[in-house]
Every structure is written in C-alpha cells, then in structure tokens.
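Here's a quick tour for someone meeting this structure for the first time. Have a look at the sequence and the model, then read on.

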Amino acid sequence: MLLLCFFTGCSDSSDDKMGEPEVIPTGVINEVIMYEANLKVFARTGAFNAISSRLDEIKALGINVLWLMPVYEEGVKDAIGSPYCVKDYKKVNEAYGTLEELKALVKKAHEKDMRVILDWVANHTSWDNAWIQNKSWYTQDAGGNIVSPEGMGWTDVADLDYSNTEMREAMLDAMKYWITEADVDGFRCDHAEGVPDDFWAQAINELKALKGAGLLMLAEGSKSSLYTAGFDIVYGWEFASKLGDVFSGKATLSALYDVHKKEYQEVPEGKQRLRYSTNHDLASEHSPLQTYGNDRGAMAAFVIASTLGGTPLIYSSQEIAYSKALSFFDYQLMDWNLNSDYLNEYKKLMEIYTSSSMLRSAGVKIYDTGKAASFYRVSGDEAILVIANTSSTTETIKVPIERVGDRMRNLMDNEVVTLPVALTMEPYQYYIWKKE
C-alpha cells in the first residue's frame, strides 16, 4: 500500500504530539503535474497550433503532463456537440487542425520535457461511427436494438459490447495508432469503470510494450481495481465534491479529511490519486469562483487540493479566474491576460510545489483548526505548514499548539515570522510556511 500516513491532532491540546510520519516513496508518479486542455477555449479553428504557441505559459505553471481533451472527429448523427462522441478513433477533428499539427504539438511538448496524453473514449461511439455497421460490437436490447450506455443519459452515443473480441482488438489497435503515429505518452480514459478491467489490463500491457516506462495512464473512475488493471493515477471524485461542500458550508473539514484518507487507503505503492478543485465536468456546471465563493475562495481551494497530497491538476481557464460556467460542448475562447496577477499567483504556487519534495512525497499531519484547513508535511528536518481559511468571513484561527513559537518562512512573500497562539485570517486567506 502507498505509505502516506495521516496524523490528526487537536489544535488546542497539549497532548497533541506528532509521531514520525512515514514517507511516500519518491518516483516518477509523484512528479506529475497535469494540465487539462479544453481545445475549445484556445481557438475556434487551429487549436493544436494555438496550444503549441502557449506551451511556455503552460510550462510556467510547473506542468509536465499535458492532457488534451478528445481530439477526434466528432459524430453528427443525434449529436449534441460533445467531444466525447467519437466518429473516428483514428482521425483528428479538422476544426482543431491536422494530424501533422498535432504531431508537431507533441514534439514541441516533448522538447520542453512535457508528456502528452490523449483523452480516450472507450465506452461508446457516435451513432455514425463506421463501427456501427458491426452490430455485434454494440450492446443491444431485447429487441436487438443498439442502445446508449445504461443509466447515463448519454443518448448521443452507442454503448460498446466488450464481450466482442473483434471490437476489443479494434479498440486496442486504435490506441496503439496514437502511440506509434503521434508519439503520445498515454491516455486519460473516460468513464473507465464502463469498460471491463481485463481490457484495460491487456491494453496497458501492450501499450507499455510500445512506449516503455514513459507510458502514463489516468483513469476517470474511483474503484481500486483500476490500479490493479495498470492505471497509474485514478480520479478523486469524492474529494473534489466534498471540497466544494466545505466551501459552501455543507460539510466540515473533518469530512473532507475522512474522504482523503479513505481514498488513499486503496492506493497501491507507486500509484496516485488525482487532486483538483475543478475540471471540465465541474466547470461546465459552475466556475470555480461560483463553487468556492469568489476568486480568493477558488485559490484557497486549489491550495488545499494541490498541497494535501496527490497529483495536482489545473484545468484550462481556472488559472485566470474565469468567472462563468464553461460548457465543453461549446467554444468559449479565453483571454489569457484576463487576470495576470491571479495567473502569476498560480505560477508562484506551482513554483513552490515543484521545488518542494515535501509537498510531493512527505507524510502528512492534519490538525483540527475549525474553518481553516491545517496540515503539516514533514520529511526529516524539513517541514511545510499549510493553513487555508475556507470561510467567507474573517476568522480567528488557533495555531496548532505544537507549532506555536516555530519560526516559519512564508513561501509566497519570503517573510519570516514566529507563529503566535492565534491568527486573524481574512476570508479565504492562506499561508504556506516552511520551517526555518
């Protein structure tokens, strides 16, 4: 099991003594910082080139893995504009550019030490995908009619039947195509739990034979068997949901910590959970500013999600505090200069993250400090204390008793302080301190 140990303590108890935290083994997986690129926010046409031109800015966020939302030709029949309605697994959406432009994007990302993974939709296809001619490749009802995925409400797509060997071979062939043709580094697998684990196990083994140790596989799902199937990182849906509840007053921080611990109980050594405050699904309902109160709340939520433990994810638009719901079915071009100070704050945060092995691999002690998330990442003689007010009001926060008197350097502004008994924290204010 992953050696990430959690220690809980009461902030006003003299008996709050910290044991020696165990440490997450260091390795490639703990170095991943991911950026989800919604192609429809970069350009109305030529998104591959538009993203390519912004790779330096993306890299400046500490990113080393670029996740491209589906790049494939979209279906038209009964379609509603979803990029997850795939008409041809081996053809790029011409609105985004050409195959050569995608390959150029991947090559340029590699030159900047960034891996590129593609969003893969293995559960279903569009109704006008050529595969539909092979009726036995699809799930059918009692009357022999091809059906949409059961219980999902996705009427724009047809459900694939993984009991069909030919279909499985065609799906695996299509995945291999992007490894060999475009040199991509892996896949984020949509609705991974809608596909049998044994297919993923076969696919990942065969993709590794092509790509080697550099292959990265991310599963949208939550069950632990996805790790056994070979996925490196699995979503943290419950954590993200509970994080939103905390900021809206529907849940306590204790409930968030319980979810965090629960999710990590099933994470094998060398694997990770994806940690995020928003993504394309969440942002399509509410912007981070709406979910977390305002831009400061959105920033505080990201600080918690990215520093408590896990693989950090930034969704294209959150770094500039885009304030409206963002449907990934439609084009909504971003003004990347919209909030330059906010963007620079993101850059500073991720500079702190990338330069700190503690935030990537150290044990965690969690403190109970009311409406402020408080946790201590420690490895040997080095330690970082994070305190973030999740409230929309000014709060007096008791400093964890064992941290009172510690000399700390604020990593955001380099100011050195001696921690007092209590802090007055403005709405959504946060601190990231390193022990001197």
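This is a predicted model: local features need pLDDT of at least 70, side-chain atom pairs count only at pLDDT 80 or more; totals for chains, interfaces and linings use all residues.

Thr311 sits in strand β13, which covers residues 311–315; strands are DSSP runs of E with at least two residues, helices are runs of H or I with at least four, and both are numbered from the N terminus. From Thr311 to Asp406 you go 95 residues along the sequence and 29 Å through space, C-alpha to C-alpha.

Residues are numbered from 1 along each chain as its sequence is written, and side-chain values use heavy atoms, with hydrogens and water left out.

**The barrel**

- β13 is part of a closed barrel of 8 strands, in the order β2-β3-β6-β9-β10-β11-β12-β13, with parallel pairing (two strands pair if DSSP finds at least two bridges between them).
- Take β11 (residues 233–234) and β12 (residues 272–275): they run parallel and are joined by 2 bridges.
- Within that pair, Ile233 has Gln272 of β12 standing opposite.
- Ala37 belongs to strand β2, residues 34–37.
- Buried or exposed, what is Ala37? Ala37 is buried, and its relative accessible area is 0%.
- Leaving out residues up to four places away in sequence, Ala37 touches Phe42, Ile51, Leu66, Trp67, Leu68, Met69 and Ser316 (contact means heavy atoms within 4.5 Å).
- Ala37 and Asp232 are 195 residues apart along the chain, and their C-alpha atoms are separated by 20 Å.

**Helices α3 and α4**

- α3 lies across β3 (65–68) and β6 (115–120), and runs at about 140 degrees to β6.
- α3 (residues 99–111) also packs with α4 (residues 165–182), at an angle of about 70 degrees and with the axes 10 Å apart. That makes α3 roughly perpendicular to α4.
- On the wording: axes are lines fitted to C-alpha atoms, for helices over the stretch in contact, and angles run from 0 to 180 degrees between N-to-C directions. Angles of 65 to 115 degrees count as roughly perpendicular, under 35 as roughly parallel, over 145 as roughly antiparallel and the rest as oblique.
- Where they meet, α3 brings Leu99, Leu102, Lys103 and Val106, and α4 brings Tyr177, Trp178, Glu181 and Ala182.
- Sorted by class, that contact has 6 nonpolar, no polar and 2 charged residues (nonpolar covers Ala, Val, Leu, Ile, Met, Phe, Trp, Tyr, Cys and Pro, charged covers Asp, Glu, Lys and Arg, and the others, Gly among them, are polar).

**The nonpolar cores**

- The largest nonpolar core has 137 residues, and Met34, Leu68, Trp120, Trp178, Phe187 and Trp200 touch the most other members (a core is a set of buried Ala, Val, Leu, Ile, Met, Phe, Trp, Tyr and Cys residues joined through side-chain atoms within 4.5 Å).
- α4 gives the most to this core, with 10 residues.
- Apart from it lies another core, made of 15 residues, including Ala383, Ile397, Met425 and Trp433.
- What does Phe187 touch, not counting residues up to four places away in sequence? Among its contacts are Ile117, Trp120, Met175, Trp178 and Leu207.

**The antiparallel strands**

- β14 (residues 363–369) is joined to β15 by 7 bridges, and the two run antiparallel; Thr369 stands opposite Ala372 in β15.
- These two strands form a hairpin with 2 residues between them, and Gly370 in the turn has a positive phi of about 65 degrees.
- β15 (residues 372–379) goes on to pair with β16 in the antiparallel sense over 8 bridges, with Phe375 bridged to Val386 in β16.
- β15 and β16 form a hairpin too, with 2 residues between them and a positive phi of about 65 degrees at Gly380 in the turn.
- β15 is mostly covered, with 7 of its 8 residues buried, and β16 (residues 382–389) also has 7 of its 8 residues buried.
- β16 pairs with β21 (residues 430–435) as well, antiparallel over 5 bridges, and there Ile387 stands opposite Tyr431.

Key:
Buried means under 20% relative accessible area, exposed over 50%, partly exposed in between (1.4 Å probe, protein chains only).
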